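Subject: The structure, and some notes to go with it

Hello,

Here is the structure I promised to pass on to you. Please open it beside this email, and then read through the notes below.

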Amino acid sequence: MELSAKPTLMVGLAVIVVLTLVRRCWWQGGAALGVVILTTGGKEVLKSTLLPRPDLVGAPENLLDQGFPSGHTAIPAALTLAAALLASPRVRPYVAMVGVLWLACIAAASSAMGGHRPSEVVGAALLACACYGLATWLLPPAAVPGPTRTPRALPAIALTPALAVALASGARNDSLIRSSASAAAAFICAALVWYAAVGRPARTARRTRPARD
């Protein structure tokens, strides 16, 4: 995972640029790039300066370095939300569905393998959602992603496989508690990103003024 993180980020940024050029959705493309750049840049700032990792008594050596929030989790979370910004309302839920499956796998594996604590993967998802919320808030009203009309069962259809992926990716042979904590953290990440991309109501015009009689 360490070797694939940067190439994945570069490929994701290239895809965003290509989609922006093809669809000519300049505002949404700029916002999508902003989400990815702010998330990945923000996690570096938080990790190195603002949020030192608390020292746990008896913690393994690999958990004593700076690691909040998880960079491995931040990348799929940010790229999923960026893709949601560029997707049409009809396609957005299915783009988000694929993204949260990927996110659940990476987040659970990062925690289960001992590279990150569960709080660090959840923190990465929260950071990505905050950057996504800021990006959509700054967009002009005409460029805000439209509301999605999804079947009532779609959240369950999307998040149930994400839970299964989290359980499989977070499984360990030596500790049921660590396996459960890793899976739970990964599922929380998937649910947060799903709600940000699809579940929450779309923002209406931020700069509009009430009509005068």
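Let me begin with what I mean by a surface patch: it is made of residues with over 30% relative accessible area and no salt bridge, where like charges are joined within 9 Å and nonpolar side chains (Val, Leu, Ile, Met, Phe, Trp, Tyr) within 5 Å. The salt bridge in that rule is a side-chain nitrogen of Lys or Arg within 4 Å of a carboxyl oxygen of Asp or Glu. Accessible areas come from the Shrake-Rupley method with a 1.4 Å probe, and for residues only the protein chains shown count as cover.

Two notes on the source. The model is predicted, so local features need pLDDT of at least 70 and side-chain atom pairs count only at pLDDT 80 or more, while totals for chains, interfaces and linings use all residues. Residues are numbered from 1 along each chain as its sequence is written, and side-chain values use heavy atoms, with hydrogens and water left out.

The overall picture

Read from the N terminus on, the order of elements is α-α-α-α-α-α-α. Of the 213 residues in the protein, 45% are buried. Here buried means under 20% relative accessible area, exposed means over 50%, and partly exposed is in between (1.4 Å probe, protein chains only).

The nonpolar patch

Which residues make the nonpolar surface patch? They are Leu38, Leu134, Trp137 and Leu138, and the patch covers about 380 Å². Helix H5 (residues 118-138) gives the most to this patch, with three residues. Leu38 lies in helix H2 (residues 26-50). With a relative accessible area of 45%, Leu38 is partly exposed.

How the helices pack

For the angles, axes are lines fitted to C-alpha atoms, for helices over the stretch in contact, and angles run from 0 to 180 degrees between N-to-C directions. Angles under 35 degrees count as roughly parallel, over 145 as roughly antiparallel, 65 to 115 as roughly perpendicular and the rest as oblique. A crossing is right-handed if the near helix is turned clockwise from the far one by less than a right angle, and left-handed if anticlockwise.

- Helix H3 (residues 71-86) packs with H5 at an angle of about 25°, their axes being 8 Å apart. The two helices H3 and H5 are therefore roughly parallel, and H3 passes H5 in a right-handed crossing.
- Helix H4 (residues 92-112) packs with helix H6 (residues 154-169) at about 20°, again with axes 8 Å apart. That makes H4 and H6 roughly parallel, and their crossing is right-handed.
- H6 also meets helix H7 (residues 176-199), where the axes come within 9 Å and cross at roughly 150°. H6 and H7 are therefore roughly antiparallel, with a right-handed crossing.

Val98, in helix H4, is exposed at 57% relative accessibility. Val98 and Ala158 are 60 residues apart in sequence, and their C-alpha atoms are 8.3 Å apart in space.

Ser4 belongs to helix H1 and is partly exposed, at 37% relative accessible area. From Ser4 to His72 there are 68 residues along the chain, yet 9.3 Å between the C-alpha atoms.

Ala181 sits in helix H7 and is partly exposed, at 32%. The C-alpha atom of Ala181 is 9.1 Å from that of Arg117, 64 residues apart along the chain.

The salt bridge and a loop residue

How many salt bridges are there? By the rule above, the count is one. Arg172 pairs with Asp174, the closest N and O atoms being 2.8 Å apart. Side chains of opposite charge can pair when their charged atoms come close. Arg172 is partly exposed at 25% relative accessible area, whereas Asp174 is exposed at 56%.

Lastly, have a look at Arg24, in the loop between helix H1 (2-23) and H2. Its phi is near 55°, a positive value in a residue other than glycine. Arg24 is exposed, with a relative accessible area of 63%.

Best wishes

Terms used: Helix = DSSP H or I, 4+ residues; strand = E, 2+ residues; numbered from the N terminus.
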